[in-house]
Amino acid sequence: MAFINYSSREIQLKIVYYGAALCGKTTNLVTLHKQITHAQKGELVSLATDADRTLFFDFLSLNTKTLPGFTTRFQLYTVPGQAIYNTTRQLVLKGVDGIIFCVDSHWEKMADNVESFANLQENLIENHLSLVQIPYVLQYNKRDIPNAAPVNYLEFTFNNRANRTLAFEAVASTGSGVLETLNAAARLLLAKYSKTPNANVTGLAQPNAAVTVPPPAEESQVAPGSAAA
Amino acid sequence: MLTAEDQMAIEQRLGDFLAKSEAQWSALVDKGGNLFAQKGETGALDLSILSALAAGSFAATHELAKRLGESEFSALYHEGHGQHILMSALHHECLLVTIFGEKTNIGLVRFYSQQVTVSLNELLHIAREKEAAAGPLLLDGDFMNDTAAIT
């Protein structure tokens, strides 16, 4: 839950990158750490094995001035994707404000992606939360692989609810779509504190209602770094 | 949610605790890794990282406790060569994290941390009641435009 400190005029928000093993969660944070130049960023901390597999979490703190009169501190976490670390994932989700769910576009990873999405919902329930309460965005990662699953298929599989959320194509290793995904999640979170009523503030993001940076490409339902149409 | 008064009161308790225990730094952190208030000296340490790691460490220990049939390990102590960390559970999903060095010892720090824990719990309880009674924070702007982007 967001922590508001009126004394230091600071809001702290926790965003968790969730997804199956090797889908690119840590790569998102590594890329963000390189890409972000204006926001005040902390050191990227990885609690990983010798083989660079996330053991507990990765952590990156960003201080921004996106709210007038307040410093907004985004605390970005990843979870370990491997099935055996489910308890750890539950722990990292404690106090979460927003979620970025990374989907691996490899065909052969679809079952893992689906399992991870179901696991996310179970673990939110363990933390007395649900995707109805928590703003989340989808990131279809690894769009550069030759045999990537079509976006329509991914949309049907992961974004086929009454209220569809924002989805972004990305190639986290090159940086494509990474900042756009984070900004969408950040804005949905900040919109909770807006005086202006917004359909996205308490529940799922609705397509076409929020982030449009850059505008969706005409030939694709979900363009790199853009909101789902 | 912490008001300026809450913050001052908590920092005062932490300051008293540091003076009595001769510890180096102490902080109120929630179990999600948010830093609420802190007092003392840590040099160039990144306090966000410190808070996140402390909360993660305590969470892992809490899970171990559950599996051993304990409701919670109320305190966790990490001993180093020159610096040590004591973490104590507070109410309302919070932790007291204390770093101390060779000027003092674990017995003294633990003794005074148990005292300050009681008064911090009272302050947290009051802050939570105020939070429940207060309206939500609402700000101008819809944050959906490019000017609000993280770059």
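Student: Which residue stands opposite A:Cys102 in S7(A)?
Tutor: A:Gly19 does. This is a predicted model, by the way.

Student: Which strand pairs with S7(A) over 5 bridges?
Tutor: Strand S2 of chain A, residues 10-19. The two pair in the parallel sense.

Student: And which one pairs with S7(A) over 6 bridges?
Tutor: That is strand S8 of chain A, residues 136-141. This pairing is parallel too.

Student: What is the bridge partner of A:Asp104 in S8(A)?
Tutor: A:Asn141.

Student: What unit do S7(A), H3 and S8(A) make?
Tutor: A right-handed β-α-β unit. Helix H3 of chain A covers residues 110-126.

Student: Back to S7(A). Is it enclosed or open, and why?
Tutor: Largely enclosed by the rest of the structure, because 7 of its 7 residues, 98-104, are buried.

Student: Which way do the residues of S7(A) point?
Tutor: A:Gly98, A:Ile100, A:Cys102 and A:Asp104 point one way. A:Ile99, A:Phe101 and A:Val103 point the other way. All of them are buried.

Student: Why the two sets?
Tutor: In a regular strand, side chains alternate between the two faces of the sheet.

Student: New topic, the whole chain. How many helices and strands are in chain A?
Tutor: 5 helices and 9 strands. Along the sequence, the pattern reads β-β-α-β-β-β-β-α-β-α-β-α-β-α.

Student: How much of chain A counts as buried?
Tutor: 52% of its 229 residues.

Student: What about contacts between residues 24 or more positions apart?
Tutor: They account for 68% of the contacts in chain A with a separation of 6 or more.

Methods: Residues numbered from 1 in each chain as written. Chains lettered and ligands numbered in written order. Predicted model: local features only at pLDDT ≥ 70, side-chain atom pairs only at ≥ 80, totals over all residues. Buried ≥ 20, exposed ≤ 12 C-beta atoms within 10 Å, placed from the backbone. Helix = DSSP H or I, 4+ residues; strand = E, 2+ residues; numbered from the N terminus. Pairing = 2+ DSSP bridges. Right-handed = clockwise from strand over helix to strand, strands pointing away. Contact = placed C-beta atoms within 7 Å.
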